[in-house]
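Please consider the structure shown below with attention to its charged side chains. The paragraphs that follow lead through the salt bridges one at a time.

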Amino acid sequence: MVEHTGIRVVHRGGSKINFREPVITSDSRFLLCGSGESVKVYSTSTEECVHDLQGHTDLVTGVVLNPSNHLQAYSCSADGTVRLWDFTDGILIKTFIIRYHIFSIHVSEKHVGVLFVVVPMANEKGSELFQLVAVHLPRSGDPEVEVGELSAVLCDVSPNPGAVSFGTGGEYIAAAKGLQLEVFFFKKQKSYRFSLKSGMNKGINNSFTCISCHPKEDCIATGHADGKIRLWRNFNQKKEYTYSTLHWHHNAVNTLRFTPEGTNLLSGGIESVLVQWRYTQENQKDFLPRLGAAITHIAVSPDGSLFCTSHADNKITIILSSVKVSAIIQGLVKDDCVRTDLMIDPRSKALVLNGKPGHLQFYSLHRDKQLYNLDIVQQEYIHEQGVDQFQVVKAAFDTHGDWLATVEERRQKSSELEINLKLWSYDEQTQSFVLNTTVTAPHEDQITAMCFSPSPETTLLVTTSLDGHFKAWLLADHSDTEESASWSCDFVGGYHLLKPGCCCFSADGSLLAFGFQEVVTVWSPTSWELLTTLSQPPGAVRDLCFGRLSCSKYLLGTSTKNQLCCWNLLTCSLEWNTPMDVSLLQADPFSENMAAFCSQSGSTDLFVFKPSEPRPLFSKKALCTGKVERAIFAPRDQMLESSEEYSQWLNRSQLYFLTQHMDLMTFSTKTEEDRLLASSKQLMVDDSVAITPFYLLLGRHKQQQQEKQELLTNPLAERTPLPQGSIAIKELLDTPAHVLPSASFLCSMFVRSLLVSSSSARVEKEPAEEEMKSESEEVDSDGEADLFQPKQELWGSAAQDPVEESGAPVLTKAQERELRRVKKLDLSWLSSLLDC
Amino acid sequence: MGEFKVHRVRFFEYMPTAIRAMSFNAHTERLALARVDGSVEVFNFADRYFQEKVIPGKDAHSIEALCWVGGRLFSAGLHGEITEYDLENLRPKYSLEAYGGPIWTIISNPQGTHVIGCEDGTVKLFEVLAEGVQFERNLDRQKGRIISLSWHPSGTRIAAGMMDMIRVFDVLTGHAIQRLLVDRSVGGCKSRETVVWTVVFLSDHTIFSSDSAGKVQVWDGHTGTLVKTHQLTKWDVLALSDESSVVAGTSEGTVVQFQFIAPNLQQQEKEWVRTRTFKNHTHDVRALVEIGTAIVSGGMDTQLVVRPLLEKFEEKCFASGLRRIHFPHRNLVSCAQKARLLLLQFPGQLELWRLGESDGHGKPGDILPLKTKPEKLLYLKRKGKDHICCSALSSCGGWLAYSTVSSVRLYRLQTDNNISITKVPKLPKVLRSAHQLCFSSESSYLFAASSQSSVLVISLNQSECKYVHTLKPKSGMWILIYRLCVAVDGKWLATANSDCEVHVYNLQKLELHCMVPMYSSCPSAMGIHPTTNNLTMVHADQQIFEFSIAEKQYTVWSRKLQMQGLHNLWLNRDTPVTHVTFNPKNPDQILLHDMYMFCIIDQSLPLPDQKTQFYNQMTLRSLSEQERPSHLHAFKVCKSFQDLMCMRLLDDQSLVVVERPLMAINSQLPAPVRQKKFAT
């Protein structure tokens with residue numbers, strides 16, 4: 001078997017955005033956060049991802065703004081490099097190679113040209129001790145620089161970046177670990193250590209969890225595991241130091257942050273309440289409750305106008321300084337375990353899995369964005385340990401995405417298992433799933449598998465359970481009565497009281513296979529007749545998969561005793577089998593390919609094969625450590641045209657899988673990467689507004705408006721009045737009077753709009769795809785010039801003469817001037833329109 | 001260790017009263033403490049917080065404030081009088097009516113001038129003279145009562161806390177020069193006046209005030225402007241105290257410290273910052289003193305808490321530990337060993353109980369069934385206004401005596417079948433009051449520690465009592481005698497006075513036999529051995545001495561103990577030993593107890609050194625019979641009885657243990673006025 005170097009395993013989508021503290025840029029327009037191997041730049045106003053700064057080859061472990069240039073940011077990664085980015089354009093400026101696994105990065109305005117990074121004491125990954133080292137950045141023009149000079153500042157620090165903080169003006173650095181706080185003064189080159197008494201014997205855990213220094217005064221705030229916040233003062237001496245204690249949190253304080261002026265202290269913890277303490281008047285505090293999940297990080301913009309909180313459910317909340325939530329950036333919610341399978345919603349092509357407790361989340365893999373949450377359990381979740389609550393454990397879609405079946409269960413220590421089967425129908429009107437039928441206690445024991453019949457004639461759901469039965473559920477049509485259709489049980493089957501573990505429909509829905517421990521039974525779902533039994537002992541059947549397309553005569557099964565078997569259904573005999581410990585078998589719905597994840601000595605290997613061919617299409621050894629339990633083939637929105645044989649299986653769909661550590665990984669081919677790179681270069685747009693369908697719509701609208709204005713103000717141009725009842729007129733009528741142009745001006749325009757024109761059709765028909773794009777660019781560069789005068793030279797390539805690029809008919813100078821004036825006017829007009 | 005039948009007594013419903021005021025004399029290191037019932041206690045902070053003196057209270061005589069002038073202690077209260085105390089005779093020396101209605105506060109300046117704040121709005125200046133105090137003049141009279149006062153250290157200004165405002169007076173002219181208005185509570189009812197409970201005037205003219213709206217405010221005394229407001233609680237801030245820092249006690253039971261700190265370490269400019277919070281009380285903190293190395297606080301929950309400031313200590317020592325003082329350092333229980341009676345002393349009454357009896361037998365640790373239940377025989381209410389200061393019961397149970405500040409009463413008791421009590425009518429004239437009473441073992445004499453450091457010897461017989469002699473030390477100094485103990489054979493009497501001197505008198509010759517060599521710490525308990533006549537003394541600093549009266553020198557065992565030194569765990573115990581007795585069956589055994597343990601010292605066993613395990617009862621139990629002797633040492637400590645008030649060995653070799661669980665005290669306290677609720 002051949003290892004293919006052309007295919008890489010990458011993090012794409014669904015990575016944690018709450019791993020490290022996000023950074024808000026100095027103009028509060030963008031939010032930078034490490035997300036897997038890249039740094040994402042989000043717009044704080046639209047929540048859209050503006051740039052994806054790619055370049056690191058391992059987890060990004062910290063992002064900070066360059067203190068000497070507020071348009072640049074440093075990011076550090078576990079790959080041992082620190083990279084300097086221009087985040088407005090998404091350009092990698094420099095790479096500093098440090099060659100240590102970097103855990104966090106800290107900068108200070110006072111220390112120009114010096115970065116502080118936390119690295120392991122000994123240069124090995126498993127090391128438990130960490131040190132804070134100063135990295136003196138060499139002044140060299142090369143894009144890739146090796147850094148030689150490292151000087152240790154503090155030994156034995158916590159790898160948690162929240163436990164290190166720079167003090168007033170960068171004069172000292174404070175680090176906390178365990179029960180000890182250490183303050184290092186740069187000027188005196190002296191450090192002071194303060195330790196707390198362990199309260200373990202009293203059942204108190206008062207170890208330090210986080211730290212923040214006051215930006216103006218010499219005061220260090222520390223958070224503790226028992227929920228206390230201590231404010232340390234007078235810490236430049238061994239004895240006379242003192243601290244005051246604030247206590248609101250009932251659990252560990254996860255994060256602390258002073259606002260840039262030091263007037264407020266923000267803290268957060270598992271209570272998912274943002275607490276704002278007034279500095280020196282700590283009795284007055286403000287709360288922002290119900291933030292959804294435990295707060296893990298807090299960041300404050302340099303001007304103090306925005307806060308943002310990262311949450312344990314992979315979410316970043318952007319909060320105005322008036323303590324109001326303004327935006328939420330939601331990533332893929334991954335609990336410590338994914339109970340449901342990974343699924344693809346056939347309609348939205350979104351990845352579906354359980355997210356927030358009791359919810360299913362729909363996650364767009366292409367846009368790396370959560371689409372929405374579907375509340376399955378419809379019960380209030382109680383944030384308390386030890387309370388058993390309903391959990392979504394299974395979910396399944398039918399082929400068209402019209403029906404969704406979910407199973408929720410709750411196991412309380414003393415009482416019986418509670419199971420609910422819910423069936424949801426898709427409502428075209430509301431564009432979401434609506435509960436159709438609830439079946440309480442569909443089985444007497446846990447449901448092991450569930451699938452819809454793919455056949456277009458019947459709507460059939462099959463569930464198997466540990467109680468030894470499988471049940472078929474049919475949508476009973478009550479067309480004669482008023483009631484809408486609901487689901488009911490159609491057939492209950494079993495096989496020798498064995499427990500069914502899995503089930504699978506053939507691609508056309510004509511066959512149904514169940515794995516009853518060691519026996520595979522094949523049924524006909526139309527007549528509920530046992531057609532045949534297949535068996536390959538020893539070992540219970542773990543997974544079953546029918547082949548597709550040309551291989552539909554094959555049924556593949558994996559067993560617990562290291563067997564991968566392929567039966568020919570025409571002969572009802574074993575075609576081939578191979579000894580493999582397959583932990584997961586997944587069929588590609590768009591081809592005959594199958595993916596088998598084999599766990600072997602602590603790591604997982606992947607084989608992609610066709611059931612009909614003995615040679616695997618693709619294999620990868622040691623894909624990741626640990627067992628892969630969940631994987632899915634997701635359709636591509638755009639076919640790849642890879643000609644290389646080894647990557648052909650990725651042309652139509654993409655294989656995603658979840659590792660042991662809940663990282664969502666996928667495979668990326670060379671062609672794909674090239675394409676991405678090309679598109680990212682092409683994508684030079686305004687950074688304040690991301691390209692979204694909504695934006696495109698608005699851009700079109702804007703262009704129309706502009707054309708109209710141009711025509712109105714230019715009497716020489718051909719009159720092309722707008723069609724009646726256009727959006728523009730509606731909007732005009734909805735706009736408050738004080739922002740509208742004068743009535744006489746509007747009146748003539750309105751009258752003209754009522755006139756029927758012969759050329760209106762022509763204007764409408766014009767697709768003007770190219771023109772529209774250039775127009776929008778034009779407007780953007782114009783707006784850019786208004787807002788960002790000094791950035792002009794940076795833009796360089798993008799800010800070419802807009803008129804020339806647009807390919808519009810050449811205008812006279814006077815006309816051009818007029819046009820510019822109109823554009824400016826138009827912009828302000830529109831923005832006010834948008835604001836209301 | 002030996003096995004005893006134990007009477008575990010929990011019917012002594014001793015109830016301390018709330019602490020109202022405190023004053024610390026930094027020169028003599030004495031803390032004076034006033035309780036709500038009017039009693040005053042003096043603690044010696046140089047001698048392990050030993051409670052040296054207790055001046056009993058008086059009905060309708062509440063104290064609002066205490067103040068030291070040199071070594072003299074003054075108090076004032078709502079009865080409208082200034083009282084000076086006679087600290088040697090433990091009684092008020094005189095009282096002076098101030099003619100201003102109830103007095104809320106009394107303070108003095110280093111020059112020896114008193115000021116008091118009165119209900120009628122006057123601030124009165126008194127001059128402290130050698131023989132008393134004398135009214136000097138009034139400052140400008142204000143509307144409303146004067147709640148709190150504070151001298152500026154220069155002695156030229158006084159800040160006065162009133163209702164809704166603070167006034168600053170110029171002492172020379174007597175005029176009010178500043179009027180600082182204090183806000184009413186935010187959110188609460190605006191109609192309720194804000195009481196400025198305390199003010200503190202610092203030398204840089206900063207004024208701190210604490211009020212009933214829960215604020216601590218910092219004012220500039222020059223300009224009369226508010227510098228900063230700290231909202232500590234929603235309720236009252238009741239006490240403030242200053243030294244190097246300012247501490248404030250709240251009605252939630254917390255103590256909050258403010259420190260004068262530079263916000264930027266490089267700069268000299270400092271400001272007052274709220275720093276630490278201590279929570280050692282369950283109820284209101286009514287009195288607070290900062291003594292340099294510690295914060296001493298007391299309040300409604302009756303305990304005195306010494307909270308050390310750890311940054312002032314270089315290393316761990318006795319003073320660096322948190323101390324709570326719950327029980328008085330003296331005995332409130334007397335026991336008649338032969339008659340099996342207990343006399344319980346309360347400020348207002350005496351109770352006489354007969355112990356229960358059991359004839360059961362059981363294993364160690366068993367609870368034996370009672371044949372007869374303990375029985376309250378007598379409830380004796382005191383006469384007059386003064387509270388009882390001491391009481392005694394003879395070991396035969398035939399005599400009972402108690403003393404107040406003004407009189408001594410002696411009763412004849414019959415407890416056999418029908419209980420009867422008869423007052424002995426004619427007491428000798430000399431016997432007017434006593435600090436300590438003690439009967440000889442065969443009940444033929446009563447010894448009373450009286451004023452002028454003398455001990456009166458009264459002989460008792462069936463019908464009458466007769467004054468015999470006054471025992472006096474040779475030196476003419478009048479020093480308070482606070483401990484008495486008599487030898488069982490009636491030959492010797494030992495006395496301890498508050499100068500740490502121990503005198504031994506020969507009762508046959510009625511003269512001073514000898515004086516025990518001086519030791520720097522007060523003896524907290526003494527006992528004379530019944531057979532060897534050795535005097536065993538345990539001091540407040542936990543040192544133990546054994547003095548042979550016959551040879552007039554320390555015994556060999558005592559010298560050995562001093563040579564080797566006591567175990568650190570013994571020396572660092574919290575509370576002083578309050579009683580020493582001996583086991584008549586085993587002359588080697590000395591029994592002693594403090595609040596948390598009782599201990600049997602077996603003089604025949606080797607002394608423990610620092611390396612041996614001190615509390616070894618559990619280890620010994622797990623060892624086999626052969627190994628046991630090698631692990632034995634002289635100190636056998638039993639901690640199975642907690643919150644001990646008294647422990648006695650009866651004649652039938654059974655132990656009486658009187659416990660007063662702190663939980664029971666806490667449950668009888670009134671509910672806290674304000675309590676912090678979770679998540680508020």
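**Salt bridges in a predicted model**

At 43% relative accessibility, A:Glu146 counts as partly exposed; buried means under 20% relative accessible area, exposed over 50%, and partly exposed in between (1.4 Å probe, protein chains only). This is a predicted model, in which local features need pLDDT of at least 70 and side-chain atom pairs count only at pLDDT 80 or more, while totals for chains, interfaces and linings use all residues. Residues are numbered from 1 along each chain as its sequence is written, chains are lettered from A in the order in which they are written, and side-chain values use heavy atoms, with hydrogens and water left out.

Side chains of opposite charge can pair when their charged atoms come close. A salt bridge is a side-chain nitrogen of Lys or Arg within 4 Å of a carboxyl oxygen of Asp or Glu. Over all chains, the structure holds 32 salt bridges.

One of them joins A:Glu146 to A:Arg99, with the closest N and O atoms 2.6 Å apart. A:Arg99 lies in the loop between β9 (91-97) and β10 (104-106) of chain A and A:Glu146 in strand β13 (residues 144-146), so the pair ties together parts that are 47 residues apart in sequence. Strands are DSSP runs (E, at least two residues), numbered from the N terminus. A:Arg99 is exposed, at 52% relative accessibility.

In chain A, A:Arg278 also meets A:Asp286 in a salt bridge, at 2.6 Å from N to O. A:Arg278 is partly exposed at 28%, and A:Asp286 is partly exposed at 28%. A network of salt bridges links A:Arg347, A:Asp402 and A:Glu428.

Methods:
Helices (H or I, at least four residues) and strands (E, at least two) are DSSP runs, numbered from the N terminus.
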